[in-house]
Amino acid sequence: MWLPLLGLILGLSLGLLTDIQIPAIYENYLSIAVLAALDTLFGGIRANLQQVYDDKVFLSGFFFNIALAAGLAFLGVHLGVDLYLAAIFAFGVRLFQNIAVIRRILIVKWEERHIKKDENTV
Amino acid sequence: MMKIPLQSKKNNKFTRKQLIILIVCITTGFIIGYSYKLTKNHEKINNSYIDQEESYREDLIDQQERNKELAEELNDLQNRLREYEKSFAENEVEYEHLIEEAEKLRLLLGIIPAQGGGIQVTLKDNEYNPNSTNPNEYIVHESHVLSVINELKISGAESIAINGQRLKSNSYIRCNGPVITIDGKQYPAPFVIEAVGDSKTLVSSLKIVGGVFDQLLSDNIVVTIEEKNLIQMPSINDEA
(Lines give C-alpha, C1' and ligand atoms only; values in the text may rest on other atoms or scores of the structure.)
Protein backbone atom coordinates (compact mmCIF):
# COMPACT_ATOMS: atom_id res chain seq x y z
CA MET A 1 0.00 0.00 0.00
CA TRP A 2 2.84 2.39 0.86
CA LEU A 3 4.83 1.37 -2.15
CA PRO A 4 3.15 3.63 -4.74
CA LEU A 5 3.29 6.60 -2.36
CA LEU A 6 6.94 5.89 -1.64
CA GLY A 7 7.61 5.63 -5.35
CA LEU A 8 5.83 8.91 -6.05
CA ILE A 9 7.75 10.74 -3.33
CA LEU A 10 11.01 9.26 -4.56
CA GLY A 11 10.23 10.25 -8.12
CA LEU A 12 9.17 13.75 -7.10
CA SER A 13 12.32 14.37 -5.12
CA LEU A 14 14.40 12.97 -7.97
CA GLY A 15 12.67 15.24 -10.43
CA LEU A 16 13.06 18.27 -8.18
CA LEU A 17 16.71 17.54 -7.55
CA THR A 18 17.79 16.83 -11.10
CA ASP A 19 19.49 19.70 -12.81
CA ILE A 20 19.09 18.70 -16.43
CA GLN A 21 18.27 21.53 -18.76
CA ILE A 22 16.16 20.80 -21.80
CA PRO A 23 15.36 23.16 -24.64
CA ALA A 24 12.20 25.18 -24.22
CA ILE A 25 10.62 23.56 -27.29
CA TYR A 26 10.44 20.17 -25.55
CA GLU A 27 8.58 21.43 -22.52
CA ASN A 28 5.28 20.95 -24.33
CA TYR A 29 6.08 17.26 -24.60
CA LEU A 30 6.80 17.11 -20.91
CA SER A 31 3.43 18.51 -19.96
CA ILE A 32 1.74 15.95 -22.20
CA ALA A 33 3.88 13.22 -20.69
CA VAL A 34 2.69 14.30 -17.25
CA LEU A 35 -0.89 13.97 -18.40
CA ALA A 36 -0.27 10.59 -19.99
CA ALA A 37 1.49 9.28 -16.90
CA LEU A 38 -1.29 10.46 -14.61
CA ASP A 39 -3.89 8.94 -16.95
CA THR A 40 -2.15 5.60 -16.97
CA LEU A 41 -1.65 5.68 -13.24
CA PHE A 42 -5.31 6.31 -12.55
CA GLY A 43 -6.21 3.77 -15.21
CA GLY A 44 -4.11 1.23 -13.37
CA ILE A 45 -5.78 2.03 -10.08
CA ARG A 46 -9.19 1.69 -11.67
CA ALA A 47 -8.25 -1.60 -13.31
CA ASN A 48 -6.95 -2.85 -10.02
CA LEU A 49 -10.18 -1.95 -8.32
CA GLN A 50 -12.18 -3.52 -11.13
CA GLN A 51 -10.12 -6.66 -10.98
CA VAL A 52 -9.03 -6.34 -14.60
CA TYR A 53 -5.53 -5.27 -13.79
CA ASP A 54 -2.82 -6.65 -16.02
CA ASP A 55 0.89 -6.02 -15.66
CA LYS A 56 1.64 -5.98 -19.33
CA VAL A 57 -1.26 -3.74 -20.23
CA PHE A 58 -0.36 -1.36 -17.42
CA LEU A 59 3.32 -1.08 -18.12
CA SER A 60 3.01 -1.01 -21.91
CA GLY A 61 0.13 1.46 -21.63
CA PHE A 62 2.20 3.70 -19.42
CA PHE A 63 5.18 4.01 -21.70
CA PHE A 64 3.26 3.72 -24.94
CA ASN A 65 0.86 6.48 -23.95
CA ILE A 66 3.69 8.78 -22.98
CA ALA A 67 5.53 8.03 -26.21
CA LEU A 68 2.41 8.44 -28.30
CA ALA A 69 1.55 11.75 -26.68
CA ALA A 70 5.07 13.04 -27.14
CA GLY A 71 5.10 11.77 -30.70
CA LEU A 72 1.81 13.50 -31.47
CA ALA A 73 3.07 16.73 -30.01
CA PHE A 74 6.30 16.40 -31.97
CA LEU A 75 4.39 15.79 -35.18
CA GLY A 76 2.08 18.68 -34.42
CA VAL A 77 4.98 21.05 -33.85
CA HIS A 78 6.57 20.04 -37.11
CA LEU A 79 3.34 20.14 -39.11
CA GLY A 80 2.23 23.40 -37.63
CA VAL A 81 -0.97 21.77 -36.34
CA ASP A 82 -1.71 21.73 -32.64
CA LEU A 83 -1.92 17.95 -32.44
CA TYR A 84 -0.88 17.91 -28.81
CA LEU A 85 -4.36 19.27 -28.11
CA ALA A 86 -5.74 15.90 -29.21
CA ALA A 87 -3.53 14.12 -26.70
CA ILE A 88 -4.47 16.54 -23.95
CA PHE A 89 -8.14 16.18 -24.78
CA ALA A 90 -8.03 12.38 -24.89
CA PHE A 91 -6.00 12.01 -21.74
CA GLY A 92 -8.01 14.65 -19.95
CA VAL A 93 -11.29 12.95 -20.71
CA ARG A 94 -9.90 9.55 -19.77
CA LEU A 95 -8.43 10.94 -16.60
CA PHE A 96 -11.77 12.28 -15.51
CA GLN A 97 -13.54 9.06 -16.46
CA ASN A 98 -11.03 6.95 -14.57
CA ILE A 99 -11.26 9.14 -11.50
CA ALA A 100 -15.06 9.02 -11.68
CA VAL A 101 -15.01 5.23 -11.85
CA ILE A 102 -12.56 5.02 -8.97
CA ARG A 103 -14.75 7.31 -6.94
CA ARG A 104 -17.84 5.20 -7.54
CA ILE A 105 -16.07 1.99 -6.70
CA LEU A 106 -14.70 3.50 -3.51
CA ILE A 107 -18.14 4.76 -2.55
CA VAL A 108 -19.64 1.32 -3.14
CA LYS A 109 -16.90 -0.30 -1.06
CA TRP A 110 -17.37 2.20 1.74
CA GLU A 111 -21.13 1.65 1.78
CA GLU A 112 -20.70 -2.12 1.84
CA ARG A 113 -18.33 -1.86 4.75
CA HIS A 114 -20.73 0.46 6.54
CA ILE A 115 -23.62 -1.97 6.08
CA LYS A 116 -21.50 -4.84 7.33
CA LYS A 117 -20.50 -2.83 10.39
CA ASP A 118 -24.10 -2.02 11.04
CA GLU A 119 -25.11 -5.68 10.72
CA ASN A 120 -22.34 -6.68 13.06
CA THR A 121 -23.22 -4.12 15.69
CA VAL A 122 -26.92 -4.62 15.53
CA MET B 1 -22.48 -3.78 -7.43
CA MET B 2 -19.10 -5.30 -7.65
CA LYS B 3 -17.71 -7.51 -5.07
CA ILE B 4 -14.02 -7.36 -4.57
CA PRO B 5 -12.49 -10.58 -3.43
CA LEU B 6 -9.24 -10.76 -1.57
CA GLN B 7 -6.25 -10.83 -3.78
CA SER B 8 -4.51 -14.11 -4.15
CA LYS B 9 -1.15 -13.53 -2.61
CA LYS B 10 1.14 -15.30 -4.89
CA ASN B 11 4.45 -14.00 -3.71
CA ASN B 12 6.16 -13.91 -7.08
CA LYS B 13 3.39 -12.11 -8.91
CA PHE B 14 2.85 -9.68 -6.07
CA THR B 15 6.41 -8.52 -6.04
CA ARG B 16 6.41 -8.19 -9.79
CA LYS B 17 3.30 -6.10 -9.62
CA GLN B 18 4.80 -4.05 -6.86
CA LEU B 19 7.93 -3.51 -8.87
CA ILE B 20 5.93 -2.31 -11.86
CA ILE B 21 3.89 0.00 -9.67
CA LEU B 22 7.06 1.32 -8.12
CA ILE B 23 8.63 1.98 -11.51
CA VAL B 24 5.53 3.68 -12.83
CA CYS B 25 5.11 5.73 -9.71
CA ILE B 26 8.73 6.81 -9.70
CA THR B 27 8.52 7.72 -13.36
CA THR B 28 5.31 9.66 -12.88
CA GLY B 29 6.70 11.42 -9.84
CA PHE B 30 9.86 12.21 -11.69
CA ILE B 31 8.02 13.66 -14.64
CA ILE B 32 5.73 15.71 -12.43
CA GLY B 33 8.54 16.96 -10.23
CA TYR B 34 10.75 17.75 -13.15
CA SER B 35 8.11 19.66 -15.04
CA TYR B 36 7.19 21.50 -11.85
CA LYS B 37 10.76 22.52 -11.40
CA LEU B 38 11.09 23.58 -15.00
CA THR B 39 7.98 25.70 -14.79
CA LYS B 40 9.24 27.29 -11.62
CA ASN B 41 12.56 28.05 -13.22
CA HIS B 42 10.78 29.51 -16.16
CA GLU B 43 8.66 31.68 -13.99
CA LYS B 44 11.75 32.86 -12.21
CA ILE B 45 13.50 33.62 -15.47
CA ASN B 46 10.39 35.24 -16.85
CA ASN B 47 10.00 37.29 -13.72
CA SER B 48 13.58 38.42 -13.82
CA TYR B 49 13.16 39.17 -17.50
CA ILE B 50 10.05 41.17 -16.77
CA ASP B 51 11.77 43.01 -13.96
CA GLN B 52 14.73 43.72 -16.16
CA GLU B 53 12.49 44.86 -18.95
CA GLU B 54 10.63 47.09 -16.57
CA SER B 55 13.78 48.68 -15.26
CA TYR B 56 15.12 49.11 -18.78
CA ARG B 57 11.86 50.68 -19.81
CA GLU B 58 12.01 53.06 -16.87
CA ASP B 59 15.57 53.91 -17.77
CA LEU B 60 14.52 54.48 -21.32
CA ILE B 61 11.69 56.74 -20.25
CA ASP B 62 14.04 58.65 -18.01
CA GLN B 63 16.50 59.03 -20.81
CA GLN B 64 13.81 60.14 -23.18
CA GLU B 65 12.61 62.73 -20.72
CA ARG B 66 16.14 63.93 -20.23
CA ASN B 67 16.56 64.03 -24.00
CA LYS B 68 13.44 66.09 -24.28
CA GLU B 69 14.65 68.50 -21.65
CA LEU B 70 18.01 68.78 -23.30
CA ALA B 71 16.43 69.30 -26.68
CA GLU B 72 14.31 72.09 -25.25
CA GLU B 73 17.37 73.60 -23.67
CA LEU B 74 19.21 73.32 -26.96
CA ASN B 75 16.33 75.00 -28.70
CA ASP B 76 16.34 77.79 -26.17
CA LEU B 77 20.04 78.27 -26.49
CA GLN B 78 19.89 78.24 -30.24
CA ASN B 79 17.15 80.81 -30.19
CA ARG B 80 19.19 82.97 -27.89
CA LEU B 81 22.22 82.51 -30.08
CA ARG B 82 20.19 83.53 -33.10
CA GLU B 83 18.98 86.61 -31.29
CA TYR B 84 22.52 87.44 -30.39
CA GLU B 85 23.61 86.95 -33.95
CA LYS B 86 20.80 89.10 -35.19
CA SER B 87 21.59 91.90 -32.82
CA PHE B 88 25.26 91.44 -33.57
CA ALA B 89 24.60 91.75 -37.29
CA GLU B 90 22.56 94.84 -36.62
CA ASN B 91 25.24 96.30 -34.46
CA GLU B 92 28.22 95.32 -36.54
CA VAL B 93 28.10 98.40 -38.73
CA GLU B 94 27.50 100.46 -35.65
CA TYR B 95 30.48 98.84 -33.95
CA GLU B 96 32.72 99.71 -36.84
CA HIS B 97 31.56 103.28 -36.64
CA LEU B 98 32.10 103.25 -32.92
CA ILE B 99 35.61 101.89 -33.30
CA GLU B 100 36.46 104.52 -35.84
CA GLU B 101 34.98 107.16 -33.63
CA ALA B 102 36.87 105.87 -30.63
CA GLU B 103 40.08 105.98 -32.63
CA LYS B 104 39.31 109.50 -33.70
CA LEU B 105 38.51 110.53 -30.17
CA ARG B 106 41.72 108.97 -28.93
CA LEU B 107 43.63 110.94 -31.52
CA LEU B 108 41.88 114.09 -30.45
CA LEU B 109 42.58 113.33 -26.82
CA GLY B 110 46.15 112.67 -27.74
CA ILE B 111 46.47 109.48 -25.80
CA ILE B 112 47.86 107.60 -28.77
CA PRO B 113 50.66 108.73 -31.02
CA ALA B 114 49.49 110.25 -34.28
CA GLN B 115 51.16 110.05 -37.60
CA GLY B 116 50.23 110.79 -41.13
CA GLY B 117 50.11 113.49 -43.69
CA GLY B 118 49.46 116.99 -42.55
CA ILE B 119 50.70 120.52 -42.57
CA GLN B 120 53.12 122.59 -40.64
CA VAL B 121 52.36 126.22 -39.96
CA THR B 122 55.15 128.38 -38.71
CA LEU B 123 54.36 131.71 -37.10
CA LYS B 124 57.30 134.00 -36.77
CA ASP B 125 57.66 137.50 -35.39
CA ASN B 126 58.20 140.01 -38.05
CA GLU B 127 61.47 141.77 -38.24
CA TYR B 128 61.86 144.75 -36.13
CA ASN B 129 60.21 147.73 -37.74
CA PRO B 130 61.74 150.95 -36.61
CA ASN B 131 58.76 152.91 -37.85
CA SER B 132 56.47 151.29 -35.45
CA THR B 133 56.49 152.26 -31.85
CA ASN B 134 54.34 149.42 -30.69
CA PRO B 135 56.15 146.11 -30.70
CA ASN B 136 52.82 144.33 -30.32
CA GLU B 137 52.15 145.07 -33.91
CA TYR B 138 54.72 142.64 -35.21
CA ILE B 139 55.01 139.89 -32.65
CA VAL B 140 52.96 136.73 -32.52
CA HIS B 141 50.27 136.75 -29.91
CA GLU B 142 48.52 133.82 -28.42
CA SER B 143 45.36 134.90 -30.20
CA HIS B 144 47.05 134.23 -33.52
CA VAL B 145 48.05 130.78 -32.41
CA LEU B 146 44.61 130.16 -31.08
CA SER B 147 42.94 131.24 -34.29
CA VAL B 148 45.23 129.01 -36.31
CA ILE B 149 44.50 126.09 -34.03
CA ASN B 150 40.80 126.81 -34.12
CA GLU B 151 40.84 126.91 -37.88
CA LEU B 152 42.79 123.68 -38.02
CA LYS B 153 40.31 122.02 -35.70
CA ILE B 154 37.41 123.30 -37.74
CA SER B 155 38.89 121.87 -40.91
CA GLY B 156 39.26 118.44 -39.37
CA ALA B 157 42.76 118.15 -37.99
CA GLU B 158 43.12 114.95 -36.09
CA SER B 159 45.82 116.10 -33.78
CA ILE B 160 47.72 119.27 -33.27
CA ALA B 161 51.05 120.00 -31.72
CA ILE B 162 52.80 123.27 -31.06
CA ASN B 163 56.58 123.15 -31.02
CA GLY B 164 56.29 119.44 -30.47
CA GLN B 165 53.86 119.84 -27.57
CA ARG B 166 50.80 117.81 -28.26
CA LEU B 167 47.56 119.58 -27.56
CA LYS B 168 45.11 117.84 -25.31
CA SER B 169 41.40 118.44 -24.99
CA ASN B 170 42.03 120.55 -21.91
CA SER B 171 45.16 122.28 -23.12
CA TYR B 172 45.44 125.95 -22.55
CA ILE B 173 47.43 128.59 -24.29
CA ARG B 174 48.37 131.74 -22.46
CA CYS B 175 50.24 134.84 -23.45
CA ASN B 176 53.11 135.42 -21.12
CA GLY B 177 54.94 138.45 -22.33
CA PRO B 178 57.21 137.53 -25.21
CA VAL B 179 56.52 133.81 -24.79
CA ILE B 180 53.48 131.63 -24.88
CA THR B 181 52.67 129.15 -22.18
CA ILE B 182 51.13 125.92 -23.32
CA ASP B 183 50.07 123.61 -20.55
CA GLY B 184 52.56 125.19 -18.20
CA LYS B 185 55.49 125.06 -20.62
CA GLN B 186 56.83 128.21 -22.09
CA TYR B 187 57.69 128.49 -25.74
CA PRO B 188 59.26 131.47 -27.53
CA ALA B 189 58.60 132.41 -31.11
CA PRO B 190 58.70 131.05 -33.71
CA PHE B 191 55.80 128.76 -33.15
CA VAL B 192 55.63 125.63 -35.24
CA ILE B 193 52.10 124.30 -35.34
CA GLU B 194 51.81 120.81 -36.70
CA ALA B 195 48.51 119.27 -37.59
CA VAL B 196 47.76 115.77 -38.80
CA GLY B 197 44.88 115.59 -41.22
CA ASP B 198 43.94 116.08 -44.82
CA SER B 199 46.62 118.59 -45.81
CA LYS B 200 44.74 119.98 -48.80
CA THR B 201 41.66 120.74 -46.75
CA LEU B 202 43.73 122.21 -43.99
CA VAL B 203 45.75 124.44 -46.33
CA SER B 204 42.76 125.62 -48.27
CA SER B 205 40.83 126.40 -45.13
CA LEU B 206 43.72 128.38 -43.78
CA LYS B 207 44.23 130.24 -47.02
CA ILE B 208 40.62 131.06 -47.61
CA VAL B 209 40.14 134.68 -48.62
CA GLY B 210 39.64 136.77 -45.53
CA GLY B 211 40.56 133.81 -43.41
CA VAL B 212 43.24 133.17 -40.89
CA PHE B 213 46.12 133.39 -43.30
CA ASP B 214 45.11 136.86 -44.49
CA GLN B 215 44.47 137.96 -40.95
CA LEU B 216 47.92 136.89 -39.85
CA LEU B 217 49.51 138.64 -42.78
CA SER B 218 47.64 141.77 -41.99
CA ASP B 219 48.99 141.55 -38.45
CA ASN B 220 52.51 141.60 -39.86
CA ILE B 221 53.30 138.04 -38.93
CA VAL B 222 55.50 135.83 -41.02
CA VAL B 223 53.49 132.76 -41.81
CA THR B 224 54.75 129.76 -43.70
CA ILE B 225 52.57 126.83 -44.51
CA GLU B 226 54.15 123.56 -45.53
CA GLU B 227 52.41 120.41 -46.59
CA LYS B 228 54.09 117.35 -45.18
CA ASN B 229 53.71 113.74 -46.13
CA LEU B 230 54.47 112.37 -42.72
CA ILE B 231 54.14 114.05 -39.41
CA GLN B 232 54.77 112.08 -36.29
CA MET B 233 53.46 113.15 -32.93
CA PRO B 234 54.03 111.45 -29.63
CA SER B 235 51.14 110.72 -27.36
CA ILE B 236 50.64 112.95 -24.39
CA ASN B 237 51.52 110.05 -22.16
CA ASP B 238 54.94 109.81 -23.74
CA GLU B 239 55.63 113.43 -23.02
CA ALA B 240 54.59 113.17 -19.45
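Student: Which residues of α2(A) and α4(A) meet each other?

Tutor: In this predicted model, the α2(A) side brings A:N28, A:I32, A:L35, A:A36, A:L38, A:D39, A:F42, A:G43, A:I45, A:R46 and A:L49, and these meet A:Y84, A:A87, A:I88, A:F91, A:G92, A:R94, A:L95, A:N98, A:I99, A:V101, A:I102 and A:I105 in α4(A). Sorted by class, that contact has 16 nonpolar, four polar and three charged residues.

Student: And at what angle do the axes of those two helices cross?

Tutor: The axes of α2(A), residues 27-49, and α4(A), residues 84-121, cross at roughly 25 degrees and come within 9 Å. Angles under 35 degrees count as roughly parallel, and α2(A) and α4(A) are therefore described as roughly parallel to each other. As for handedness, the crossing in which α2(A) passes α4(A) is left-handed.

Student: OK, stepping back, how many helices and strands does chain A have?

Tutor: Chain A has four helices and zero strands, which along the sequence reads α-α-α-α. Of its 122 residues, 24% count as buried, and among the contacts in chain A between residues at least 6 apart in sequence, 68% join residues at least 24 apart.

Student: How many residues does each chain put into the contact between A and B?

Tutor: Chain A gives 30 residues and chain B gives 23 residues. On the chain A side, α1 (2-17), α2, α3 (55-79) and α4 each supply at least two of the residues that touch chain B, with the largest share, twelve residues, coming from α1(A).

Student: What classes do those chain A residues fall into?

Tutor: The side of chain A that touches chain B divides into 19 nonpolar, eight polar and three charged residues.

Student: Switching to chain B, what's its secondary structure?

Tutor: Chain B comes to five helices and eight strands, following the pattern α-β-α-β-β-β-β-β-β-α-α-β-α along the sequence. Buried residues make up 21% of its 240 residues, and among contacts between residues at least 6 apart in sequence, 76% join residues at least 24 apart.

Student: In what order do the three strands of the open sheet lie?

Tutor: The order is β4-β5-β6 of chain B, with antiparallel pairing. The edge strands are β4 and β6, each of which pairs on one side only, and neighbouring strands of the sheet are turned by 30 degrees against each other on average, if direction is ignored.

Student: How many bridges join β4(B) and β5(B)?

Tutor: There are four bridges, in the antiparallel sense, between β4(B), residues 173-176, and β5(B).

Student: Which helix lies across β4 and β5 of chain B?

Tutor: That is α2 of chain B, residues 142-154, which runs at about 160 degrees to β4(B).

Student: Last one, where is B:D125, and what does it touch?

Tutor: B:D125 lies in the loop between β1 (114-124) and α2 of chain B. Leaving aside residues up to four places away in sequence, B:D125 touches B:Y138, B:I139, B:V140 and B:A189. The C-alpha atoms of B:D125 and B:F191 are separated by 9.2 Å, although the two residues are 66 residues apart along the chain.

Student: Why does B:D125 count as partly exposed?

Tutor: B:D125 has 17 other C-beta atoms within 10 Å, so it is classed as partly exposed, given that a residue is buried at 20 or more such atoms and exposed at 12 or fewer.

Notes: Residues are numbered from 1 along each chain as its sequence is written. Chains are lettered from A and ligands numbered from 1 in the order in which they are written. This is a predicted model: local features need pLDDT of at least 70, side-chain atom pairs count only at pLDDT 80 or more; totals for chains, interfaces and linings use all residues. Axes are lines fitted to C-alpha atoms, for helices over the stretch in contact, and angles run from 0 to 180 degrees between N-to-C directions. Angles under 35 degrees count as roughly parallel, over 145 as roughly antiparallel, 65 to 115 as roughly perpendicular and the rest as oblique. A crossing is left-handed if the near helix is turned anticlockwise from the far one by less than a right angle, and right-handed if clockwise. Two residues are in contact if their C-beta atoms, placed from the backbone, lie within 7 Å. Ala, Val, Leu, Ile, Met, Phe, Trp, Tyr, Cys and Pro count as nonpolar, Asp, Glu, Lys and Arg as charged, and the others, Gly among them, as polar. Two strands pair if DSSP finds at least two bridges between them.
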